[in-house]
Amino acid sequence: MRGRRAAGLRREWLALSLVLLALVAWWSSGGALRRLDHLVNDLAMRARALPASSDIVLIAIDDESIEAIGRWPWRRALHAQVLAHIGAQQPRAVALDVLFGEPDADYPGDDLLLAQALRRAARVVLPVARRGSLASSGVDAPLPLLRSTAAQLGHVQVALDEDGVARRLFGLEGPAQGPWPHIGTALLCAAGQARPGCRGAAAPADGPWVRSQPRSVTFTGGPTPFARYSYVDVLKGRLPPQALRGKFVLVGATAVGLGDMFAAPAGLHSERIPGVEWIAHALHAELAGAHVQPAGSGAQLLFNLAPVALALLAMVMLGPLAGLLACALLALAVLAAMALAPALGGWQLAGTPALAGIALAYPLWSWRRLSAAARFLQLQMQALQQDVPLPGPDRASLYSDALERRIATVEEASARLRRLHHFVSASLQHLPSPTLVCDAGGRVLLANVAAQQHFQPAITVPLPGLPVEQLLGDLADARDGQALPPLVHWATGDTPAPGEWRDGQHRHVLLLRQHYSLDGSAIWLITLVDLSDMRRAQRQRDQALHFISHDIRAPVASIITLLEMHHAFPGRMPQDELLARIERQAQASLTLAQDFVRLASAQADSYRHETFDLLHALQQAMEDAWAAAAQCQVRLGLESSERAAPFTGDPGRVQRAITNVLGNALKFSPRGATVHCTLRAQEGFWCVGIRDEGPGMGPQQQEQIFEPFNRLPGQPEAGSARTEGVGLGLAFVRTVVLRHGGRVQVASRPGAGAQFQLWLPQVAKAKAASAQGLTPPSFL
């Protein structure tokens with residue numbers, strides 16, 4: 001049933017994908033949404049508009065000039081005089097955007113005056129235009145007399161988009177045998193720059209009108225993108241000095257009703273711009289290299305189809321929310337590509353078909369999924385009716401739709417099943433031993449609270465979903481050290497027999513497992529019984545017996561031997577020496593017993609929690625060790641920038657720990673040396689440091705010195721009273737520091753002394769440390 005439902009959804013998704021992709025391809029190739037593309041690209045162009053240019057100057061035939069000179073057309077002698085004024089300031093090139101296609105019938109001599117002015121100016125470009133429709137081959141070109149004296153000719157045609165806005169031009173346009181470049185490109189040629197397509201002042205060629213090299217213009221931003229002067233001011237010599245030197249000068253009509261006016265892209269400083277200003281925008285884009293070419297039809301088709309295909313895949317592979325987010329991100333990516341492609345690659349993309357496809361994909365697929373869900377709920381309700389008694393629809397549901405009634409019925413049956421599952425899960429959760437339920441592939445399905453606590457702190461995430469090999473991979477046989485076989489081998493008979501295993505935390509566990517079958521799939525129930533406490537108790541018993549039978553027994557046996565020698569050979573050993581040796585052995589026995597009791601108490605008893613001054617405790621420990629230091633001829637030094645070190649903990653045990661470390665330093669310091677004591681605050685801890693100038697130790701010895709019954713290595717004086725002991729002092733130190741939530745560090749190397757650092761938290765953590773198992777393994 002599930003397979004048929006999934007196959008049906010796949011067929012519906014495939015049909016929807018084909019229809020939607022075909023629709024997007026039609027939109028992309030037919031240009032049905034081209035107006036929206038223009039709007040998006042116009043808004044993006046605002047962000048990348050070129051800055052205002054000081055290299056381009058407009059000489060405007062404006063309303064003020066018309067009022068001062070008279071109605072249009074003017075005598076060509078006036079144009080010759082204006083060119084003379086312009087040429088006097090030595091511009092880079094001049095474009096006279098006025099068509100002179102017919103002789104001046106009223107003033108025939110003016111044509112010769114204008115031709116002479118053009119020849120003297122030397123770098124003047126005249127316009128050419130198409131006459132009639134695109135199918136015609138008529139050309140509006142300057143008179144031969146004027147054309148021959150111009151530096152270059154350039155077309156002034158503008159390509160209007162579907163919405164009537166002038167955004168594009170063609171780099172070459174004109175008769176097929178000799179098209180002209182745009183007048184902006186011709187200006188650059190007249191200024192001395194080598195540009196392809198420039199033909200100088202050649203006569204119009206033959207052939208139908210053609211155009212090529214389409215490009216979109218990147219407009220210049222700002223309310224006054226170019227400097228502008230009135231035609232009449234130039235004619236009367238009122239132009240500022242040096243205003244045109246080294247500039248591109250464009251002369252053209254801006255007066256109302258005179259000359260071409262074009263609709264400007266959205267977001268430009270004005271809704272309509274005159275033709276001469278449009279030429280200035282095109283020239284500035286040419287200078288800045290900011291012309292943008294439309295992407296090819298194949299690239300446009302791929303750009304529109306790819307996001308829609310990804311959206312369709314995301315909806316079928318991800319959940320509803322993730323699919324919605326994926327569609328939103330893809331739409332944003334399309335918009336970002338449309339905005340960034342012109343600046344990064346010089347291409348203009350039309351992506352509204354992709355946006356429309358993404359916008360349609362989610363609701364259409366959601367509708368089909370909703371229909372499939374309704375059918376599924378109907379079938380599930382019929383199946384559940386056979387196994388679970390379902391309630392009839394309540395009064396409220398009578399006013400709801402059919403889907404809601406089905407959901408309510410299935411929800412009630414599912415709630416009953418969930419309660420049963422909750423009862424089983426709760427029973428599993430409260431089992432005292434760590435228990436896991438795994439599938440045949442070794443994936444944990446259920447885990448109780450004891451299991452979650454057992455695998456901490458190595459694993460802090462919830463256990464369900466993790467592979468069981470990750471949890472049990474560190475188990476090794478406690479007898480021979482062999483690793484636990486993978487779970488996939490258990491079904492073939494290579495299963496671990498109930499036995500004792502040791503994990504990475506050195507705990508001893510008993511592994512119990514049971515195999516079940518559910519719907520043809522294997523289910524494993526795994527239980528771990530922690531034997532660590534029992535094994536620790538055994539080790540404690542063995543160590544205690546060793547201590548009693550060896551360490552405590554040795555001084556007593558020495559005393560008995562001394563007494564027997566005294567009885568057997570009276571007078572051989574002086575009475576004072578005999579008593580001194582007996583006293584020394586008795587003191588050693590008493591010290592061992594005290595250390596043993598202190599360590600046992602530190603490991604097992606509860607700690608006091610009161611606030612005291614850690615600096616005062618360090619000073620007190622130094623005062624208590626002063627006599628021993630004087631006897632050893634060792635100096636004590638204290639360095640601390642703290643006036644007080646408030647600390648909450650057990651003051652007696654903390655001071656005893658400091659005393660033990662200080663006593664160790666005195667034992668191993670040579671005569672005349674100095675034991676340096678420090679206290680500082682760092683990273684939320686109080687750090688008590690004690691550094692000696694003794695023989696030091698290697699890395700292996702540093703790992704063993706905090707274990708019970710491990711003595712520090714001796715120096716040349718080893719064997720004297722200064723180095724006696726059984727290794728309980730530093731074990732006591734580590735126990736106390738860890739139970740206060742701190743840590744002990746030692747830094748040493750052979751021949752360079754040793755430095756012990758006791759890191760104690762400034763905020764009380766003793767209770768938390770004990771609760772988290774930070775107490776080291778005891779030996780009692």
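The questions below ask how terms are assigned in this predicted model.

The model is predicted, with local features needing pLDDT of at least 70 and side-chain atom pairs counted only at pLDDT 80 or more, while totals for chains, interfaces and linings use all residues. Residues are numbered from 1 along each chain as its sequence is written, and side-chain values use heavy atoms, with hydrogens and water left out.

Q: Why are helices H4 and H5 called roughly parallel?
A: The axes of H4 (residues 76–88) and H5 (residues 108–121) cross at roughly 15° and come within 8 Å. That angle makes H4 roughly parallel to H5, because angles under 35 degrees count as roughly parallel, over 145 as roughly antiparallel, 65 to 115 as roughly perpendicular and the rest as oblique. Axes are lines fitted to C-alpha atoms, for helices over the stretch in contact, and angles run from 0 to 180 degrees between N-to-C directions. The helices themselves are DSSP runs (H or I, at least four residues), and strands are runs of E (at least two), numbered from the N terminus.

Q: Which hand does the crossing of H4 and H5 have, and which residues make the contact?
A: The crossing of H4 and H5 is left-handed; the term applies if the near helix is turned anticlockwise from the far one by less than a right angle, and right-handed if clockwise. Contact (heavy atoms within 4.5 Å) is made by Arg76, Ala77, His79, Ala80 and Leu83 of H4 and by Asp110, Asp111, Leu113, Leu114, Ala117 and Leu118 of H5. By class, the contact of H4 with H5 has seven nonpolar, one polar and three charged residues. Ala, Val, Leu, Ile, Met, Phe, Trp, Tyr, Cys and Pro count as nonpolar, Asp, Glu, Lys and Arg as charged, and the others, Gly among them, as polar.

Q: What makes H18 and H20 oblique to each other?
A: Helix H18 (residues 614–624) and helix H20 (residues 651–667) pack at an angle of about 45°, with their axes 9 Å apart. H18 and H20 are therefore oblique. Their crossing is right-handed. The residues in contact include Leu614, Ala617 and Leu618 of H18 and Val654, Gln655 and Ile658 of H20. The contact of H18 with H20 has eight nonpolar, three polar and one charged residues.

Q: Why does Val82 count as buried?
A: Val82 has 2% relative accessibility and so counts as buried, where buried means under 20% relative accessible area, exposed over 50% and partly exposed in between (1.4 Å probe, protein chains only). Val82 lies in helix H4 and, leaving aside neighbours within four places in sequence, is in contact with Tyr231, Val234 and Leu235. The C-alpha atoms of Val82 and Lys236 are separated by 8.8 Å, although these residues are 154 apart along the chain.

Q: What joins Cys189 to Cys198?
A: A disulfide joins Cys189 to Cys198, with an S to S distance of 1.7 Å; the term means a pair of cysteine sulfur atoms within 2.5 Å. The structure holds one disulfide. With 75° about the S-S bond, the link of Cys189 and Cys198 is right-handed.

Q: Is Cys198 buried or partly exposed?
A: Cys198 has a relative accessible area of 24% and is therefore partly exposed, whereas Cys189, at 12%, counts as buried.

Q: Why is Ser216 called buried?
A: Ser216 has a relative accessible area of 4%, so Ser216 is buried. Ser216 is placed in strand S9 (residues 209–216).
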